[in-house]
Structures are given as structure tokens and as C-alpha cells.
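Trainee: Could we go through a few backbone features together, taking the general idea and then the case at hand?

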There are 2 protein chains.
Amino acid sequence: MKKIAVLGSGVVGQTISAKLTGLGYEVMLGTRNVSSTQAKSEKDMYGRPPFNEWHKQNPQVKLGTFAEAAAFGEMVVNASNGQGSLEVLKLAGKENLAGKTLLDIANPLDFSKGMPPSLTVCNTDSLGEQIQRELPQTKVVKSLNTMNAYIMVNPDMIPGEHNVFLSGNDADAKKDVKNFLAQFGWKEKNMLDLGDITTARGTEMLLPIWVRLLNALQNPSFNFHIVVGSPLKM
Amino acid sequence: MKKIAVLGSGVVGQTISAKLTGLGYEVMLGTRNVSSTQAKSEKDMYGRPPFNEWHKQNPQVKLGTFAEAAAFGEMVVNASNGQGSLEVLKLAGKENLAGKTLLDIANPLDFSKGMPPSLTVCNTDSLGEQIQRELPQTKVVKSLNTMNAYIMVNPDMIPGEHNVFLSGNDADAKKDVKNFLAQFGWKEKNMLDLGDITTARGTEMLLPIWVRLLNALQNPSFNFHIVVGSPLKM
């Protein structure tokens with residue numbers, strides 16, 4: 001597997017794409033409208049430079065539509081805005097995603113009522129499950145959605161042990177994702193497989209405390225570590 | 001402050017009550033119906049012995065109705081089942097709770113559709129907020145709700161650093177609760193004040209991953225540690 005599609009041109013898509021090209025992968029970043037993404041001249045909501053400035057620093061990353069990227073990739077990363085992910089994946093095309101592992105990093109956050117955001121789906125469903133239902137031929141693995149983008153590809157930014165969670169129905173797809181996580185620098189012992197895709201409810205519902213920790217700590221450079229003690233009788 | 005009310009006769013209420021009497025506090029445990037709680041002869045859903053067996057081991061703990069306990073306590077602990085907490089607090093009596101700090105440990109878990117439970121309130125509201133709205137004269141502090149009961153009163157069960165969160169509108173009430181946490185063995189640096197009572201949405205929404213971690217680890221002896229790295233530009 002050498003060709004990867006990354007859907008989404010924001011900070012997560014950029015960070016994952018740059019890391020993957022650095023690791024020797026061929027990457028196509030998918031966006032809704034290639035020319036308007038290239039034409040952006042303003043900083044984003046986090047004050048980061050426009051896409052084209054980043055792209056000049058990362059010219060190895062190919063740029064295409066969602067459908068072109070999905071057709072190109074042997075594996076696909078959903079790094080789109082969670083509120084738009086179902087539409088993005090529709091544009092990417094069911095047939096272009098069939099049979100492939102889809103690493104879903106998106107969170108269904110609703111910023112429409114200001115900060116902190118709430119979730120548009122949670123508790124009895126999750127975005128990960130919605131995507132899996134829409135794309136039954138695709139092997140959806142939810143992972144990396146519980147931390148800042150820079151930590152995803154550089155876990156050593158955070159001192160000591162801390163975790164990345166995985167949720168998905170297909171054991172081989174989870175192996176694919178674990179292989180990427182290892183290349184990103186994650187230790188096997190810190191990859192916590194929660195079970196099938198319904199467990200994505202648990203990790204997506206970490207976002208409400210994540211945004212409040214961001215506010216309390218005034219620093220996005222943190223992650224969750226599950227510290228385990230001696231077994232207790234259950 | 002020497003007299004504490006603990007509302008709820010389950011594992012959380014028992015564990016907190018026993019710890020507090022061990023620390024020299026006078027404790028009244030409140031229950032819906034004193035004689036039926038005393039008459040229970042069956043093990044609970046976790047296979048723990050009936051209330052009276054526990055009470056024989058902990059005779060210092062007084063037993064009363066919710067209202068008697070709430071009137072007795074200078075501080076009140078809500079250790080009732082989260083689905084019933086609003087009713088329990090109504091029975092306890094607004095007037096008996098007015099002006100007091102209420103440590104709310106309950107989670108609004110819905111077990112009616114089997115395991116894992118979902119939440120009956122979340123995302124745009126929380127049980128902590130509902131209680132604060134119902135009891136505007138009471139100083140509600142949500143804390144300790146993100147871990148197994150035994151860890152609450154014995155954090156050293158878990159190796160290394162790990163966190164307890166606090167949410168509440170009243171700074172003095174949070175100080176009261178921190179004082180108890182310190183007596184339970186919590187280090188000041190591991191008490192993470194998230195902000196006002198709306199941040200209880202974040203900690204109550206940790207329960208969905210908590211129950212899935214319980215399933216993945218097959219061990220309730222774990223806790224969350226927020227590991228912080230060097231500040232990142234936000």
C-alpha cells in the first residue's frame with residue numbers, strides 16, 4: 001500500500017498528508033473545489049496560513065477532487081470537517097471507497113452556537129457508525145480523533161505514555177491503521193482497541209471534555225492516558 | 001464541618017460513607033425507605049452483599065430518609081442512581097439543601113436497553129446542571145463521577161498520576177470539595193478544575209468511553225490522566 005487519499009484540506013488533512021509524504025507515501029489530498037482551495041488567500045480560523053502557502057512547502061502532495069483522491073488512494077483518510085463528512089464521502093463516491101480501509105478522524109462538532117461546540121450526533125449513534133452504514137463495502141476505522149493534529153503524527157510531543165483509541169468492525173483494517181500509527185510514532189501498547197465501530201460513540205464523546213480541557217489548560221498540547229491498576233473483582 | 005449526608009445506599013454511597021467515618025466525620029446515609037433498605041437480603045447487580053451486611057461492618061454510619069440525612073448534613077453527597085437523582089433530591093427537600101455544598105457524583109446512565117448504557121441527558125445539558133437549576137440555593141459541585149467507587153476514596157490504587165475533575169459555579173464550594181478530595185488521598189496537582197457547572201457535560205460524557213474501556217480492559221480499576229506537553233500556539 002503506497003497510495004493514500006486524504007480527504008480535507010484543513011489542519012488535520014495538511015498535517016497527515018505532510019507526515020505521510022515524509023514517510024515515503026504518495027498522497028493525494030482531496031478537496032471540494034481544487035481551484036478555490038488553491039485561491040484561498042486568508043488565514044484560517046486558527047490563524048494558520050492559507051492552503052497554497054502550506055502546499056508550496058509540501059509540493060509532493062497531489063491535489064484533486066474528493067472523487068479523484070478517493071479513486072487514487074489504496075487507503076483513505078477522512079480528515080474533513082465532521083459536520084460535512086457524510087456529504088464529502090458521497091462526493092468521494094461509494095465505488096471509489098469500496099473494499100478500502102477508511103481511517104475516520106472527523107468529529108461531528110457543531111460550532112453554530114459558539115464555543116464550546118456540542119456534537120451533532122452522539123450517545124445512541126456516532127459519525128463513525130453513520131459512515132459505516134452509508135459505506136457498507138468500506139472498512140471504517142475510527143482513530144486519532146481525540147487529540148490535536150500535531151500530536152496525531154508526533155506522539156512524542158507529549159511526555160510519557162498516552163493513548164490512541166481504535167474502533168472498527170474489521171480486524172484487518174484495524175491492523176492497517178495500527179501499522180500507520182506505528183509509523184507515526186505510536187507504541188503498540190498505547191494503541192487501545194475499544195471494539196467495533198459502535199465504540200466510536202465513546203471516543204467522539206470525549207470531544208466535550210477535550211474542548212473544556214483546552215479552555216482550562218489554555219494549551220491544546222495534551223492527551224488522554226488510561227492508567228490501569230491491579231485487577232479488581234468486577 | 002463535621003456532619004455529612006450521603007444520599008444513596010449503593011456501592012458509591014457505601015464507599016464514601018465508610019471512608020468519611022474512617023476520617024472521623026459523622027455520616028448519615030440517606031435512603032428512600034429505611035426499613036426496606038435494611039430488609040434487603042439479596043446481593044446487588046454487582047454481586048455485592050446486601051446493605052445490612054455492609055452496615056454491620058460500618059455501624060458508625062447513621063441511616064435515615066433522604067430528608068433526614070439532608071437536614072443532618074452540613075455538606076451533602078449525591079451518590080444516588082443518576083436516573084433517579086432529581087427525584088431523590090426533591091425527597092431530600094430544597095430547604096434541607098439550601099446554602100449547602102452538594103457534591104454530585106451521579107451519572108445519568110440509562111441501562112434500560114442493556115449494556116453498554118447510554119446517557120439520559122448529555123451534550124447540550126447535564127445532570128449536574130439540572131440539579132443546579134432545581135436547587136438554585138445549593139452549591140453544586142460535580143466531581144468523582146469519572147471512576148470506580150473504590151478509586152474515588154483510594155487514588156493510590158492506580159499507579160502514578162491520574163485526575164479527578166471538578167465542575168461548579170461556586171469557588172468556595174469547590175474548595176470544600178477539594179478539601180475532601182485531599183483527605184481521600186488526591187494530590188492537589190491532580191484535581192482538575194474545568195470551570196462552571198456546564199463543564200459537567202464533559203465529565204458525564206466520559207461515561208460512554210468509561211463503560212467501553214471497562215469492556216476492553218475487563219477491569220474497572222483504571223482512571224483518566226490528562227498528560228500535558230509543552231504549550232502549543234493556539
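Trainee: Where is Pro116(B) found?

Mentor: Pro116(B) is in the loop between β6 (109-110) and β7 (118-119) of chain B, where strands (E, at least two residues) and helices (H or I, at least four) are DSSP runs numbered from the N terminus. The model is predicted, so local features need pLDDT of at least 70 and side-chain atom pairs count only at pLDDT 80 or more, while totals for chains, interfaces and linings use all residues. Residues are numbered from 1 along each chain as its sequence is written, and chains are lettered from A and ligands numbered from 1 in the order in which they are written.

Trainee: Which residue does a cis peptide bond join to Pro116(B)?

Mentor: That residue is Met115(B), and omega of the bond is about -10°. In chain A, the peptide bond from Met115(A) to Pro116(A) is cis as well, with omega near -10°, and Pro116(A) is found in the loop between β6 (109-110) and β7 (118-119) of chain A.

Trainee: What is phi of Leu144(B), and is Leu144(B) buried or exposed?

Mentor: Phi is positive, about 70°, although Leu144(B) is not a glycine, and the residue lies in the loop between β8 and α8 (149-152) of chain B. A residue is buried if 20 or more other C-beta atoms lie within 10 Å of its own, exposed if 12 or fewer, and partly exposed in between, with C-beta atoms placed from the backbone. Leu144(B) is therefore buried, because 26 other C-beta atoms lie within 10 Å.
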